[in-house]
Amino acid sequence: MNRLATFSAVLLASLIAGVVLVPALAGTDPLAIGDVLATRLVPPGATDGLGRFHLLGTDRFGRDLFVRMMLAGRVSLAVGVAGSLLAGMVGTAVGAVAAWRGGVVDRIAMAVSDALLSIPRLILLLLCAALWHPGVGTVLAVLAATGWMGVARLVRGEVLGVRAQPYVSAAQALGASSRRVLWRHVVPNALGPAIVATTLGVGNAILLESGLSFLGLGIQPPKPSWGNMIAGGRDLIVTAPWVAIAPGLALIVTVLACTLLGDSLRDRLAGERPRDIAERA
Amino acid sequence: MRRLAAAFVLLWLVVTLTFLLVRLAPGDAAAILVPPTATPADAARLRAELALDAPVAVQYAKWMGGLLRGDLGESFAQRRPVTAVLSEALPISLGLGLASLTLTFVVGVTIGTIQAARRRSVLDPLLTVVTTSVYAAPSYWLALSLIAVFTYGATVWGFPQALRLPAFGLRDPAGTASGWAAVVDLVRHAILPVTVLAAVGAAGIARYTRSTVADLAGAEWVRTAHAKGLGARAVYGRHVLANALPPLVVLLALSLPGVVAGSVFVESVFAWPGMGRAIVLAISSRDYPVVMGATLLYAALVILANLAADLALPLLDPRREA
């Protein structure tokens, strides 16, 4: 398992290097549309009418797919990491406060989280995303708003366990304020499962972002994201399938690496719960 | 009984939250619903007609009142009862979901068990790579890839006629088939969508089965079963899988709503007129009554599935209490 984790870490690192370097080093602007008739829909590994080589071919506007794919990777990776992190932070805050304050606060927080968990995440995501203006900001907000519940429950359970530890009473006896005890002594010791869930959430967030973009509700063209690139190749699937296939492969490799990395992290901490799998639509 | 009451409270909470979420979003439904050539006065008239100009609390009370009488209101866009819209779409998604869920479990449990039983051969890591990759693949991309294979590929590689599967819709557009021919036509149309949904699901189930069965295979009573001379089939069938079943049934129940929701993409790619397409269309056209009705249905499905899992667990595993 450790070899797999190393492998996926190396894979992710080279992917990050690729999305940073390739668009920067490529001679052409990945958004620019030039001589469309001479350069459009070149198959992978072929040379276009102007004598330029395209590793993964070109799309219908003659833009190089490899460079665009790497540029899209910047957006998809950043949104995936930031979205999962944001959801993890919201979840940690809600779960910690709910467990610490107890009573009405706890019951309201858990009721809202139960209610949101009762709507399939994809549907909730569509509800939120479609009603506000699409874009990076909306996607991030929506990922956080629909992803915090699992982490909140984990952190709540952990905090309830940690608060009974003697060092918490010790801190309280020393006169530390309630807020200080919670955030400095309890929460740091309750973060383990939340970190695993957030790591595993990155792959999921990337998938969800791409799904929204595929439906036209996420990242808007001409800004490329893997999801909207696949959508762009959708009606070419019969004549030029590589346009949709290539970004999907990038997506799979990325999510695969994130999942394997999260898996090995989890193997050290806890067992897999059925809900993790059921939630992946 | 108490659990049933709790389920209803939860359902009420879901619809109330959804109502607030939908109605407090920026943008004006009436402005989207009227044709682009309409005047602001037309939009105002429509707004009054659909009672969108009333305070949110009044609209909410009206909607809840209708719900209690089993009336979900009228679709803004289609001008017919929401129950009619949903009762056309639900059987399609439910059929798609149940068919792929069945396939998911048969394939997923089989692969997972084989992996756990052959943990020292190359087969295990190989299958792990395959299942994890499929698990990581977006369903719409798998769908498009399959379409590419069966349309683009079918011509390039010269597939026989029987293997040229239709990629779009529920039935032959000519619609002349009847009796058995119609069933065959429906099955041919269903092969690709069901395969995509089942592949994604089976990958997850296989991953879970593998770890559960591998844990169980190390138990002392499994060694005893081996030691008393039982064959591998008896050991795995009678002893290991019987104990792996309860968590898998929970997983089955918890998976159903996800599969039905996951059909949003599959229905979109294959142009199936199911729930997924209904809710996507309703959301983009601000058809609030259909959005509310569909969300209610999805939430009811999730809550029911959770309830069923809770109730089934003690039946399968007497050690656990209800």
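Helix axes are taken here as lines fitted to C-alpha atoms over the stretch in contact, with angles running from 0 to 180 degrees between N-to-C directions. Helices (H or I, at least four residues) and strands (E, at least two) are DSSP runs, numbered from the N terminus. The model is predicted, and local features need pLDDT of at least 70, side-chain atom pairs count only at pLDDT 80 or more, while totals for chains, interfaces and linings use all residues. Residues are numbered from 1 along each chain as its sequence is written, and chains are lettered from A and ligands numbered from 1 in the order in which they are written.

**Helix packing in chain B**

H11(B) and H12(B) pack at an angle of about 145 degrees with their axes 8 Å apart, and H11(B) passes H12(B) in a left-handed crossing; a crossing is left-handed if the near helix is turned anticlockwise from the far one by less than a right angle, and right-handed if clockwise. On the H11(B) side the contact is made by B:Met275, B:Ala278, B:Ile279, B:Ala282 and B:Ile283, and on the H12(B) side by B:Val290, B:Val291 and B:Ala294, where two residues are in contact if their C-beta atoms, placed from the backbone, lie within 7 Å. These residues divide into eight nonpolar, no polar and no charged, with Ala, Val, Leu, Ile, Met, Phe, Trp, Tyr, Cys and Pro counted as nonpolar, Asp, Glu, Lys and Arg as charged, and the others, Gly among them, as polar.

Helix H7 (residues 139-156) of chain B packs with helix H10 (residues 232-270) of chain B at an angle of about 30 degrees, their axes being 8 Å apart. That angle makes H7(B) roughly parallel to H10(B), a term for angles under 35 degrees, whereas those over 145 count as roughly antiparallel, 65 to 115 as roughly perpendicular and the rest as oblique. H7(B) passes H10(B) in a right-handed crossing. Among the residues that meet are B:Tyr140 and B:Leu144 in H7(B) and B:Phe265 and B:Val269 in H10(B). The residues of this contact divide into seven nonpolar, three polar and no charged.

**Domains of chain B**

The domain assignment of chain B gives domain 1 (2-68) and domain 2 (90-272), and such bounds come from an automatic or database domain assignment. Taken over C-alpha atoms, the centres of the two domains are separated by 39 Å.

Chain A has twelve helices and two strands, and of its 281 residues 51% count as buried. Among contacts in chain A between residues at least 6 apart in sequence, 68% join residues at least 24 apart.

The contact between the chains takes 42 residues from chain A and 48 residues from chain B. H11(A) gives the most to the side of chain A that touches chain B, with nine residues. That side of chain A divides into 30 nonpolar, six polar and six charged residues.

Terms used. Buried ≥ 20, exposed ≤ 12 C-beta atoms within 10 Å, placed from the backbone.
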